Amino acid sequence: MRWISRFVKRILGVYDPEFEYWVKTKDIKVPDNYKKNKIREKKWKRKIRYYLRTGKLESKILLDKDFNLKDGFSSVKIAYLNGIDKVPVYFVD
């Protein structure tokens with residue numbers, strides 16, 4: 001029954017912040033300020049190594065209700081570069 005309430009909330013644009021959703025990578029809107037800043041090399045290498053070793057993204061991807069990226073840019077970038085169609089995300093206010 002809980003999935004029904006989540007489904008109705010999702011239709012209304014209301015997301016449970018404690019629930020992991022899967023969204024299409026192409027639907028994530030990355031603000032320009034993320035695109036302009038470079039990820040530090042040491043951090044980037046660590047995140048790539050983690051992904052190659054585990055097949056998972058190290059950092060959570062956080063979005064607002066309009067699918068604007070709030071945190072997790074490196075994970076989104078890794079997903080784009082590796083052709084990952086859907087990624088796990090969490091919604092924040």
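## Helix α4 and its neighbours

The buried residues of helix α4 touch quite a list of elements: α2 (32-36), α3 (41-54), β2 (61-63), β3 (69-71) and β4 (86-91). Keep in mind that this is a predicted model. Which residues of α4 (residues 73-81) are buried? They are Phe-73, Ser-74, Ser-75, Val-76, Ile-78 and Ala-79.

After α4 comes Gly-83, and its phi is positive, near 70°.

## The sheet

Now for the strands. There are four of them in an open sheet, in the order β1-β4-β2-β3, and the pairing is mixed. β1 (21-24) and β3 sit at the edges, each pairing on one side only. From one strand to the next, the twist averages 55°.

And where does α4 come in? It packs on this sheet, where it touches β2, β3 and β4. The direction of α4 makes about 120° with that of β3.

If you want to trace the β1 side, β1 and β4 run antiparallel and are joined by four bridges. Tyr-21, for instance, has Val-89 in β4 as its bridge partner.

## Aromatic rings

The model has four aromatic pairs. One of them is Phe-19 with Tyr-21, an edge-to-face pair with 4.8 Å centre to centre and 75° between the planes. How accessible are these two residues? Phe-19 has 30% relative accessibility, so it counts as partly exposed, whereas Tyr-21 is buried, with a relative accessible area of 6%.

Tyr-21 also pairs with Phe-91: the ring centres are 5.4 Å apart and the planes are at 80°, and because an angle over 60 degrees counts as edge-to-face, so does this pair. This pair ties together distant parts of the chain, with Tyr-21 in strand β1 and Phe-91 in strand β4, 70 residues apart. Phe-91 is buried as well, with a relative accessible area of 3%.

## Lysines over rings

Two lysines are worth a look too. Which ring does Lys-60 sit over? Its charged end is over the ring of Tyr-90, 4.7 Å from the centre. Lys-77, meanwhile, lies over the face of Trp-44, at 5.2 Å from the ring centre.

How values were computed
Residues numbered from 1 in each chain as written. Predicted model: local features only at pLDDT ≥ 70, side-chain atom pairs only at ≥ 80, totals over all residues. Heavy atoms only, no water. Buried < 20%, exposed > 50% of the residue type's maximum accessible area, 1.4 Å probe, protein only. Helix = DSSP H or I, 4+ residues; strand = E, 2+ residues; numbered from the N terminus. Contact = heavy atoms within 4.5 Å. Pairing = 2+ DSSP bridges. Axes fitted to C-alpha atoms, helices over the stretch in contact; angles between N-to-C directions. Phe/Tyr/Trp six-rings, centres within 6.5 Å; stacked < 30°, edge-to-face > 60°. Lys NZ or Arg CZ within 6 Å of the ring centre and 35° of its normal.
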